[in-house]
Amino acid sequence: MPTIRSLLVHPEERRPSPPAPHADLYRVFGAGIGLFALGLVVGVVLLLTGRGTVEGVAICGTGVVLGGLGLVWARRHR
């Protein structure tokens, strides 16, 4: 086992890093959009009953839009 000092002096002696795990980001973004859409529905219902705020609806709407952009990005980078 090499010492920290020897690794700092000779970094080429380190073991290679393992490959990065591959995640299906399309599913991750899809789940996020689904949760934001659910929040958007709840926010609109609360806003219509007088208990919600416009900011909450705007945040959820922004989450849906940004998630959609994430889906486009994930599809292009598969």
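Reader: Is the crossing in which helix 2 passes helix 3 left-handed or right-handed?
Author: This is a predicted model, in which local features need pLDDT of at least 70 and side-chain atom pairs count only at pLDDT 80 or more, while totals for chains, interfaces and linings use all residues. Residues are numbered from 1 along each chain as its sequence is written, and side-chain values use heavy atoms, with hydrogens and water left out. Helices here are DSSP runs of H or I with at least four residues, numbered from the N terminus, and a crossing is left-handed if the near helix is turned anticlockwise from the far one by less than a right angle, and right-handed if clockwise. For helix 2 passing helix 3, the crossing is left-handed.

Reader: How are helix 2 and helix 3 oriented to each other, roughly parallel or roughly antiparallel?
Author: Helix 2 and helix 3 pack with their axes 8 Å apart and at an angle of about 160°, where axes are lines fitted to C-alpha atoms over the stretch in contact and angles run from 0 to 180 degrees between N-to-C directions. Angles over 145 degrees count as roughly antiparallel, so helix 2 is, relative to helix 3, roughly antiparallel.

Reader: Is Asp24 exposed or partly exposed?
Author: Buried means under 20% relative accessible area, exposed over 50%, and partly exposed in between, with a 1.4 Å probe and protein chains only. Arg27 is exposed at 65%, and Arg78 is exposed at 64%. Asp24 has a relative accessible area of 34%, so Asp24 counts as partly exposed.

Reader: Over the face of which residue does Arg78 lie?
Author: A charge sits over a ring if NZ of Lys or CZ of Arg is within 6 Å of the ring centre and within 35 degrees of the ring normal. Arg78 lies at 4.9 Å from the ring centre, over the face of Tyr26.

Methods:
Helix = DSSP H or I, 4+ residues; strand = E, 2+ residues; numbered from the N terminus. Parallel < 35°, antiparallel > 145°, perpendicular 65-115°, else oblique.
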